[in-house]
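Please look at the sequence and the structure shown here.

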Amino acid sequence: MSKNKLIWFPLYIADWLSSEAHDLGDATIFGAYFALTLECYVRGGKLLKNEKTLAKLSLMSAKQWRKSAHLVLNLFQSHPNDDSSLTHPRILSIILEQDEKSQVAKNKAFRRWNTDATALLQQS
């Protein structure tokens, strides 16, 4: 997973609106889903499988979460490398794609400057 601070990701509105999440049927539930998706991204693609934490991160009240958690969590899956965490398939693929692009850029910088790009960044 990415070691860098994850500060942005591409948000293709049409993709999100056409996804199964849009069929949740309730703005509050969709908001909870989207909040958890964003948290998943900034946490490197992982959300701990902890009901209390997930409820808080969803921005729902405890009562709303108990009523709607199953709808929201159906759109997440177990993390492939960590059984104690959930992930979102789209977010995981975005992070992996960003990691690949970052590695390609580092390799190109190394070839160009014949040095370690990470070391150059740390010196500045």
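**A helix and its aromatic rings**

Phe76 is buried, with a relative accessible area of 8%; buried means under 20% relative accessible area, exposed over 50%, and partly exposed in between (1.4 Å probe, protein chains only). The model is predicted: local features need pLDDT of at least 70 and side-chain atom pairs count only at pLDDT 80 or more, while totals for chains, interfaces and linings use all residues. Residues are numbered from 1 along each chain as its sequence is written, and side-chain values use heavy atoms, with hydrogens and water left out.

Helix α2 covers residues 27–42; helices (H or I, at least four residues) and strands (E, at least two) are DSSP runs, numbered from the N terminus. A side-chain oxygen of Asp26 lies 2.7 Å from the backbone nitrogen of Thr28 and caps the N-terminal end of α2. After the helix comes Gly44, with a positive phi near 75°.

Phe30 and Phe34 are 4 residues apart in α2, about one helical turn. Phe30 is partly exposed, with a relative accessible area of 24%, and Phe34 is partly exposed at 21%. The rings of Tyr33 and Phe76 have centres 5.9 Å apart and planes at 65°, so this pair is edge-to-face; rings of Phe, Tyr and Trp (its six-membered ring) pair if their centres lie within 6.5 Å, with planes under 30 degrees apart counted as stacked, over 60 as edge-to-face and the rest as tilted. Because Tyr33 lies in helix α2 and Phe76 in the loop between α4 and β2 (77–79), the pair ties together parts that are 43 residues apart in sequence. Phe30, Tyr33, Phe34 and Phe76 form one aromatic cluster.

How values were computed: Expected span 1.5 Å × (residues − 1). Polar contact = N/O pair within 3.5 Å; in protein donor to acceptor, adjacent residues only side chain to side chain.
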